[in-house]
Amino acid sequence: MSIFINKDTKLVVQGITGRDGSFHTKQAIEYGTNVVAGVTPGKGRQTFEGAVPIFNNVYDAVAKTGANTSVIYVPPMGAADAIMEAVDAGIALVVCITEGVPVLDMTKVYPFVKERGARLVGPNCPGVISPAQAKVGIIPGRICIPGPVGVVSRSGTLTYEVVYQLTRAGIGQTTCVGIGGDPINGTNFIDCLSAFEKDPSTKAVALMGEIGGTDEQEAADFVKNHMTKPVVGFIAGQTAPPGRRMGHAGAIISGSAGTAAEKVEAFKAAGIGVAVRPMDFVELIRAKLH
Amino acid sequence: MNIHEYQAKELLHGFGVPIPNGKIATTPAEAEAIAKEFGVAVMVKAQVHAGGRGKAGGVKFCKTPADAREKATAILGMQIKGLTVEKVLVTVAADIGSEAYVGIIVDRQRKKPVFMVSAAGGIDIEQVAAQTPEKILYLPVDTRYGLRGYEAMRMGFFLYRDVKLAKQAAKIMQQLYSAFMASGCSLAEINPLVATPAGELIAVDGKMVIDDNELDRHAEIEALRDVSSEAASEVDARNCNLTFIKLDGNVGCVVNGAGLAMATMDLVKYYGGEPANFLDIGGSSNPEKVVNALRIITADANVKCILFNIFGGITRTDDVANGIVTATKANPLKVPIVIRLTGTNEEIAMKILTDNGFSASADMDEAVKKAVATAKGGKAA
């Protein structure tokens, strides 16, 4: 089992003919993901690599292929439209990889997606992978193996680091979700924790947060009040100076709010195991699984 | 991106917000001439990207042009939170009846812009929020519908009993909201919004922070960027498409990905060292980025050791290895380098590095420990 994506995922790639879109589509197909369609306006009726039909819009892709999940690789100024189009066309899960989407665009996209009952992961995220089942986004397939751990993170390469260490230690994953580093994203920690709690295959959760905002504190509350499964957490940005955006648009300490210290405290108060270093996940998770 | 007070006020004025007459001076003589032209008492205000300008002595009331010259002499060149004041705004001093706070900020929890208004203006709003939250009205706006008239009126009457003032305030809320949306702001505030004894509202101070992600579609806002107020190395890095933040330590970090970059800095600290910077070379494997990253980091004389931490997902580690070799051939390193890389094409990368006299490890923990020790001991790695 897994969360959000699995063997039944039928994926449409928005921006399939672009540099990133084409590269990662090939990787997804190689991984065994069921890529049923691509969308690039103006390239309808062509095919991608002779195998995947391309459509001018998501509506046609859904009608002709039954796609139920979309991944977005379009440039930032077009990303809001791409998300809304996918949701309006009836896609249930939209994963937006694009980095640099203006936050004011997201203030319009977020309620649009919610009101239609769809799920958005991202933007500015590495996507979702359910090892040995499907890969939607850019998380490298070879660093994952199937197993009992759910992984959720605001980061990309830091997630790879931790997942790779788990894998090398023989600890596999049900699903890894990168929720993205932006101030407003479609899916938060709680959405993922709640899904992992319901997923019978997931036995423990690894959570990687970072400075900025209060998502981690709310996640800690959720763990304390609603979760039976063990959670191990990490916060990046202990050494980040206040008021500076640390790469991710959302990774910024505003005034005195959003510091690593307050997040770690919230984790401890909620009984979440705290990984001080990324490598500490292996032993902490192993202990929770036994 | 931050813009200066005078720029924010000009933007707001473009949407109809009343502001006091003002002009920019870069010399005391200019400040005096502007004060003379206005012919009334003025304020001389440091234009620098830092809060607490008033407390630092960067904002002064001046009765005469000679006074303005004297105050400008003191303020120009002054350091406020490490930034040198290069410009002052000389602006007509408003008659103050009462002061209100009006701000709008993108709220992460509500996922909307939220207005914050308070009749307790002129001071730190975070303090008001912490001590007397009942004095603030929070009003979230659904950007799909914009700020509705009734919402603007609600805020107007929250601030003023007087109907005329309340209506003026409502109009200013609409203008502020329009400026906020049109400029791609993450924050815009008027503090204080002054009611004069004559019953007119005027924005005496203004602040705007622009979402960096908006700059591609707002060339006119990007043009307001004041590079003199940023560290030269950060400007250089931005022009090379690198995300770089200078810090005070001596371990120069080159990492791919923001989360891993933060985690690397934290680990440096954990092992008793101090990071010299945050640097994310991003996801692409362009060797040119590595060359630029090394140039920027080695320009910092504090750096005693360079630490590479690369997790190759999309980034090909052999590209990074080639970048290191190319960069160091052109400009031999004067400080030791510790390289950690793992992931995509790791074997090829390791071979490139060893063939060129570098050693590399695949373990993050080990590499960070070594970099910290090297920076402390100054020994070659």
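This is a predicted model: local features need pLDDT of at least 70, side-chain atom pairs count only at pLDDT 80 or more; totals for chains, interfaces and linings use all residues.
Of the 381 residues in chain B, 54% are buried.

Chain B can be read as a series of domains. Domain 1 covers residues 21-92, domain 2 covers residues 98-222, and domain 3 covers residues 231-377. Between domain 2 of chain B and domain 3 of chain B, the C-alpha centres are separated by 43 Å.

Chain A is divided as well, with domain 1 at residues 11-121 and domain 2 at residues 139-289. The C-alpha centres of these two domains of chain A lie 26 Å apart. Their contact takes 10 residues from domain 1 of chain A and 11 residues from domain 2 of chain A. The size of an interface is often given as the accessible area lost when the parts come together. For domain 1 and domain 2 of chain A, the buried area is about 860 Å², and carbon and sulfur atoms give 57% of that area. On the domain 1 side, the residues that lose the most area to domain 2 of chain A are Tyr31(A), Arg119(A) and Val121(A), which together account for 41% of what that side buries.

Arg119(A) forms a salt bridge with Asp191(A), with the closest N and O atoms 3.7 Å apart. Two elements of chain A, helix H4 (103-115) and strand S7 (119-121), each give two or more residues to the side of domain 1 that touches domain 2. The largest share of that side comes from H4(A), with 5 residues. By class, the residues on the domain 1 side divide into 7 nonpolar, 1 polar and 2 charged.

The view now widens to the meeting of the two chains. Here the contact takes 49 residues from chain B and 55 residues from chain A. Together the chains bury about 4300 Å² between them, with 60% of it on carbon and sulfur atoms. The count between chain B and chain A is 6 salt bridges. In a salt bridge between Arg245(A) and Asp212(B), the N to O distance is 3.8 Å. Polar contacts link the chains too, with a count of 17 residue pairs.

Among the elements that give two or more residues to it are strand S8 (112-118), helix H6 (163-182), helix H9 (258-270) and helix H13 (364-377) of chain B. H9(B) provides the largest share of the side that touches chain A, namely 10 residues. Sorted by class, the chain B side has 20 nonpolar, 13 polar and 16 charged residues.

Definitions and conventions: Residues are numbered from 1 along each chain as its sequence is written. Chains are lettered from A and ligands numbered from 1 in the order in which they are written. Side-chain values use heavy atoms; hydrogens and water are left out. Domain bounds come from an automatic or database domain assignment. Contact means heavy atoms within 4.5 Å. Buried area is the accessible area (1.4 Å probe) that two parts lose on being put together, summed over both. A salt bridge is a side-chain nitrogen of Lys or Arg within 4 Å of a carboxyl oxygen of Asp or Glu. Helices (H or I, at least four residues) and strands (E, at least two) are DSSP runs, numbered from the N terminus. Ala, Val, Leu, Ile, Met, Phe, Trp, Tyr, Cys and Pro count as nonpolar, Asp, Glu, Lys and Arg as charged, and the others, Gly among them, as polar. Buried means under 20% relative accessible area, exposed over 50%, partly exposed in between (1.4 Å probe, protein chains only). A polar contact is a pair of N or O atoms within 3.5 Å; within protein, one must be able to donate a hydrogen and the other to accept it, and residues adjacent in sequence count only if both atoms are side-chain atoms.
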